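User: I would like to learn how to read the features of a structure one at a time, with the general idea set out before the particular case.

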Amino acid sequence: MPRAWLSLGANIGDPAAQLADAITRLNAHQAISVVVQSTVIRTKAWGKTDQPDFANMAATVETDLLPVDLLHACLDIERDMGRVRHEVWGPRLIDIDIIAYERVEMDSTKLILPHRFAHERDFVLDPLREISPETADWIVRRQV
């Protein structure tokens, strides 16, 4: 079954509980199985820095969903958890990003794989390296 790597983050409400809830919801989806998850790390906000620190983690999932369908499943979970998008890089209850899907490279209006900025963000790469160093290395190598 295809594998995908997700980055999860939260910085308002109860971030640790929200990350755990997101993992539970991902795993409850009929077409997604969480294989492994990283530890949760605390990081300073990136992009828009005048907000609370983030709790970040990564997860490897197996799924028979195509990449865009997996994106929609992640967005549905975010919405069901109460995420409202007010501003780019702003505070959030939950954020679930697809960092990579197998070794698929795509650039569409809906999804760019691997994630366009993953190689620049330690809060993405550090948890990803914990659970899949080869995927993190592949993402960094293809950006050089």
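User: Which residues are linked with Asp-76 in a network of salt bridges?

Analyst: Before the answer, a word on the source: this is a predicted model, in which local features need pLDDT of at least 70 and side-chain atom pairs count only at pLDDT 80 or more, while totals for chains, interfaces and linings use all residues. Residues are numbered from 1 along each chain as its sequence is written, and side-chain values use heavy atoms, with hydrogens and water left out. A salt bridge here is a side-chain nitrogen of Lys or Arg within 4 Å of a carboxyl oxygen of Asp or Glu. By that criterion, Asp-76, Arg-79 and Asp-80 are linked in a network. Arg-79 meets Asp-76 with the closest N and O atoms 3.0 Å apart, and the side chains of Arg-79 and Asp-80 meet at 3.5 Å, N to O.

User: Where do Arg-79 and Asp-76 lie?

Analyst: Helices (H or I, at least four residues) and strands (E, at least two) are DSSP runs, numbered from the N terminus. Both Arg-79 and Asp-76 belong to helix H2 (residues 67–80), where they are three residues apart, about one turn of the helix. For accessibility, buried means under 20% relative accessible area, exposed over 50%, and partly exposed in between, with a 1.4 Å probe and protein chains only; Asp-76, at 34%, is partly exposed.

User: How many salt bridges does a search of the whole structure find, and which residue forms one with Arg-25?

Analyst: The search of the whole structure finds eight salt bridges. Arg-25 forms one with Asp-21, the closest N and O atoms being 3.0 Å apart. Because they are four residues apart in helix H1 (residues 15–28), about one helical turn separates Arg-25 from Asp-21. Arg-25 is partly exposed at 30% relative accessible area, and Asp-21 is partly exposed at 29%.

User: How should I read the packing of two helices, and at what angle do H3 and H4 pack?

Analyst: Two packed helices are described by the angle between their axes and the distance between the axes. The axes are lines fitted to C-alpha atoms, for helices over the stretch in contact, and the angles run from 0 to 180 degrees between N-to-C directions. Helix H3 (residues 122–131) and helix H4 (residues 133–143) pack at about 135 degrees, with their axes 6 Å apart. That angle makes H3 oblique to H4, since angles under 35 degrees count as roughly parallel, over 145 as roughly antiparallel, 65 to 115 as roughly perpendicular and the rest as oblique. The contact (heavy atoms within 4.5 Å) includes Leu-125 and Leu-128 of H3, and Ile-139 and Val-140 of H4.

User: Which strands pair with E4, and is E4 largely enclosed or open?

Analyst: Two strands pair if DSSP finds at least two bridges between them. Strand E1 (residues 3–10) pairs antiparallel with E4 over eight bridges, and Ala-4 has Val-61 as its bridge partner in E4. Strand E2 (residues 32–37) also runs antiparallel to E4, joined by five bridges, with Ala-59 of E4 as the bridge partner of Gln-37. Strand E3 (residues 41–43) pairs with E4 in the antiparallel sense over three bridges, and there Thr-43 is partnered by Phe-54. Strand E4 (residues 54–63) has nine of its 10 residues buried, so E4 is largely enclosed by the rest of the structure.
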